[in-house]
Amino acid sequence: MKKYGFVIFVIYSSVLLAQSEKQITATDLEQWQLKIQTLPETKAKVNAISNTDLKTLSLNREQLGKLDYNFKYKAEVSGITDQKKSGRCWMFTGLNILRPKVIKKLNINNFEFSTNYLFFYDMLEKANLALEIGIETVAKPIDDKTVEWLLKNPIGDGGVWTSLVNLLDKYGAVPKEIMPETYHSENTSQLNAILSYKIREFILELRKLSAQKQTLNQLRERKKTMLFEVYKILTYHLGTPPKQFIWRYKTKDDKITEYKTYTPQSFLKEMIPDFASSQYVQLMNDPSREYFKTYEIEYDRNTVEGLNWVYINLPIEEIKQIALKSIKANEVMYFSCDVGKQLNIDKGLLSVQNYDYSTLYGISFNMDKKSRIQSFESGSSHGMALVGADTDNNDKPTKWLVENSWGASSGFNGYLVITDEWFNEYMFRLAVKKDFVDTKILDILKQTPIKLPPWDPMFLQDE
């Protein structure tokens, strides 16, 4: 019995030891406290960090003396817009690429498309897509990964370049004054919350109806009545989109034109007759995946029948050369990045040297771009128009200029300057005309795209 007791004691002791290795123990806490108290800088750092904004403390002042807002190459642009408190950067950015063409065509001082008009249909179409996915997945368990993703992300006002293309192709466009902004188009959080609630409720109802043996046709009939409720909510928040309107404009030499009647489709066709989604190719820099391959992200769209985000994954240097060609040819591009990383908004500068957190904490931060993507530490978060580039004596890019949509008082007169090193680390997406892309790269589009699931890190939508 003594022998068995000893064995039990050994096993019990081993279990306790294993448990203690998993836990934070009182000994650990005591050692850490003693260790940090012996560091001479601890008291000063506690006083500073606990009472001060981190960016103020970690600001690299040497970087400020290197600021240069001059650019060798800059495409023609038309003034700064403001998305206010909304996630519609992708929409503003895409339209900011197109509106200089309207200003030049009509010889006018300024022009903006109505983002509220397109926002209405964007949210309506996203609601329809979510409910269709809900119908497609009614037979799957509630904890299926696609169902779980859908219920976590039923709707939102973020998007990508192809989201805008899908809307323009189907709904055309109107001038801003025809359907101006409302409080809720510029402050979208409440509308997003109300619609998210209803769509989640609707998806659960569709699953219940399917379990009660209702047919696919019956589910889709019920879906239409659900969508009317969404339409009603959108109308109350945003107003009613016009099917037809009259419009005139004043030229730079003060001539006022006659009123003309348009539909949204005819207006877009007249203003930008050569616009076609087929003119553009989407590029991505994602070092976590194989380069020179085509990828497609499932459900990364806003209409059932529209385009997903389909892109060619390229090394960053390839993308930079394509972007430089476009800027030199006066063609602005849709560009998206992880804008919150190392952003000095007061100076309008994105640089990896802006803030020195390592020195502040005495701790290294060493993840590369691939690691940041894989761990969800970094991803595309904001769309802007790439409009300028500066180069050295060998015409190699040293910095870039983007037109933002946070208002003219933000950043550098509404723009952000991006160092080339930051571009390497935090640039993700580019939509560019095929004219500036080598045939060899365009041929990659002939591949069958590698399909990625909607919970992939690259699904993150620009806001």
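Predicted model: local features only at pLDDT ≥ 70, side-chain atom pairs only at ≥ 80, totals over all residues.
Start with the largest pocket. Its volume is about 670 Å³. The lining takes in 21 residues. Gln342, Tyr355, Tyr357, Phe365 and Tyr426 lie nearest the centre. Two elements each give two or more residues to this lining: helix H15 (357–361) and helix H17 (420–426). By residue class, the lining of the largest pocket splits into seven nonpolar, seven polar and seven charged.

Now turn to the second largest pocket. Here the volume is about 490 Å³. The lining consists of 22 residues, and Trp149, Asn153, Gly156, Phe459 and Gln461 lie nearest the centre. Helix H7 (115–136) and helix H8 (145–152) are the elements that supply two or more lining residues. H7 provides the largest share, with four residues. The lining of the second largest pocket divides into 13 nonpolar, four polar and five charged residues.

Next, look at the backbone. Most residues other than glycine have a negative phi. Two residues here run against that pattern.

Lys84 is not a glycine, yet its phi is positive, about 55°. Find Lys84 in the loop between strand S1 (73–74) and helix H6 (89–106). Its relative accessible area is 43%, so Lys84 counts as partly exposed.

Tyr299 is not a glycine either, and has a positive phi of about 65°. Tyr299 sits in the loop between strand S5 (293–297) and strand S6 (310–313). Its relative accessible area is 10%. Buried means under 20%, so Tyr299 is buried.

Key. Residues numbered from 1 in each chain as written. Heavy atoms only, no water. 1 Å grid on protein atoms, 1.4 Å probe; cavity = no way out; pocket = protein on both sides within 12 Å on 5 of 7 lines; lining within 4 Å. Points joined across faces, edges and corners; volume = space filled by probe spheres on them. Nonpolar A, V, L, I, M, F, W, Y, C, P; charged D, E, K, R; others polar. Buried < 20%, exposed > 50% of the residue type's maximum accessible area, 1.4 Å probe, protein only.
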